Amino acid sequence: MKRILCLFIALLMVLGTVVACQTSPDDEETADTAADSTEGVEDTSASDVVEDSDYTLSMTEAELKQWDGETFTIRTSDTTVATTWIDFEELSSDPIENAMYLRSLYLEDVMGIEFVDVVAPDYYSGSYTLVDTLVTGGDDTYDLFYVRCIESISLWSDGDIYTFDELQYVDLEKSYWAQDINPGLMLAGQQYTAVGSADLNVYDFTFALVFSKELFEQNSSLPDLYELVRNGEWTVDKMQEILASSYFDANGDGNRDSSDRYGYLADNRMVVPSFIVSCGTTMVSKDSDDYPVLNLTDDYFFSVFTKVFEIMWDDENWYSDYTGDGQDVPSSNIDMFENNQAYFLDCSFNYVVQLREMESEFGIVPYPKWDEDQEDYYARVSYFWSFVVPNTADPDFAGAVMEVLNYYSATDGGVVTAYYDQSLSGRTMRDEESQEMLDIIFSHRVADLGDTTFCDSVRDGLIAGMFASNTRTISTFQSNEKALNKKFAKYIENALGS
């Protein structure tokens, strides 16, 4: 085994890291020691399991050790937009990489296996288009694949993967699985994929609003954003009021250019989806048969949709002439924000870390609610990578590994703790209020099917084109509705064999 238990224990003594416990990162109870936690998992019997405990691994030692001596191989990828690998091979100065390293050690110890992560150097090189070929050809090299949302549904539709309903050791009711997202990833009554605490890319792809503290402090008439959020008063109307005083022709040439100051910076693909989700609706919903259907002609959806155009286009708060570079958060927008040329920057947490070196102070808040009657703030997950189990693999083995990975990731001292506390709060967030906002943002996440699974045809196709061209007619939605719903239904019908 590439990493032995004695090294594992030594590292824990040096780093003081808790390997496994039954508390969440936010639990105030004292965490168990590494030795006690490991022993507890190994000695667990079915009668000892506390079923209602969020962070208890409901597997016996015999179940965990039934693959002792075997090798488990997962294929992931490397990208610049999110954390899309699962394992890290050695100690690092990066807290997340260290947490991944310790997670693999723990997995290998409690299951007695060799864990191998084969990382494709470039996700977009076409290597993942071979997944279907590998599976249909009977290639059993990989026990697990980590694929993007648009591929997970294609693989399910093509009959290449097991659904999560078929994985006996996966317990999606545990809170180390994403209770806020996974219900939306069930179609026609089948959980074709799921995400959990092991999927750091879901955190990376969560969007929020970064704001310039310097500009807010310069304008004494502007409200305290943190107080608005706390009081449930942070709404789209309130944001519209704030943005009304945002534009400034810095060079006095009468042209809206990259030298001026704006209210809001964002890539045109990202504007509408972020507000749609924050206001409690989605581009794609599900019908009574649990089939995905376009939601674009719904009255409430269309009210939110046109409101976004009013704020951004009619009020001229959005800088539309930015230089796009294909990134979710264009580098030109980041440069302008760092130069205090915008009140707000649309930003995923993958890109928030790029603001670490920004000289001026910045804060972070969720996107606004529709009105004060809306109970919660919702945060948009723009897309995601998730585990899928190929039909050529042992579903019990794959399910057990996924369960342990997600369990460990959520425990105190696990991967989520490293991501949340050290990489975001500790290094990037510069005030206690912003850290408070993280709890709000990550507590109600939404992965809109039109923004994720079907993003190529809905978000990047229809919605982005309409927003970029300032087209807001409901007839455009109506003319596309039938064809897109038929496309969605085809995925499901193929998966069900109908």
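User: Hi! Is glutamate 310 buried, exposed or partly exposed?

Analyst: Glutamate 310 counts as partly exposed, at 30% relative accessibility. Buried stands for under 20% relative accessible area and exposed for over 50%, with partly exposed in between (1.4 Å probe, protein chains only). Please keep in mind that this is a predicted model, where local features need pLDDT of at least 70 and side-chain atom pairs count only at pLDDT 80 or more, while totals for chains, interfaces and linings use all residues. Residues are numbered from 1 along each chain as its sequence is written, and side-chain values use heavy atoms, with hydrogens and water left out.

User: Thanks! Which residue does glutamate 310 meet in a salt bridge?

Analyst: Lysine 307, with an N to O distance of 3.6 Å. A salt bridge here is a side-chain nitrogen of Lys or Arg within 4 Å of a carboxyl oxygen of Asp or Glu. Lysine 307 is buried, at 13% relative accessible area.

User: Switching to sheets: what is the strand order in the open sheet of 4 strands?

Analyst: The order is E8-E11-E7-E12, with mixed pairing. Two strands pair if DSSP finds at least two bridges between them.

User: Which strands stand at the edges there?

Analyst: E8 (262–265) and E12 (362–365): each has a single partner strand, so one side of each has no neighbour in the sheet. On average, neighbouring strands of this sheet are turned by 20° against each other, direction ignored. E8 runs parallel to E11 (residues 342–348), joined by 3 bridges, and tyrosine 264 has phenylalanine 344 in E11 as its bridge partner.

User: Which helix lies across E7, E8, E11 and E12?

Analyst: That is H13 (residues 331–338), running at about 140° to E11. Axes are lines fitted to C-alpha atoms, for helices over the stretch in contact, and angles run from 0 to 180 degrees between N-to-C directions. Helix H17 (residues 432–443) lies across E7 and E12, at about 25° to E12.

User: Nice. What order do the strands have in the open sheet of 5 strands?

Analyst: E2-E1-E3-E14-E4, again with mixed pairing. Strands E2 (114–120) and E4 (161–162) are at its edges, each with a single partner strand, so one side of each lacks a neighbour in the sheet. E3 (residues 144–148) and E14 (residues 385–390) pair in the antiparallel sense over 4 bridges. Phenylalanine 145 has valine 388 in E14 as its bridge partner.

User: Which helix packs on that sheet?

Analyst: Helix H15 (residues 395–410), which touches E1 (71–77), E2, E3, E4 and E14 and makes about 155° with the direction of E14. Contact means heavy atoms within 4.5 Å.

Conventions:
Helix = DSSP H or I, 4+ residues; strand = E, 2+ residues; numbered from the N terminus.
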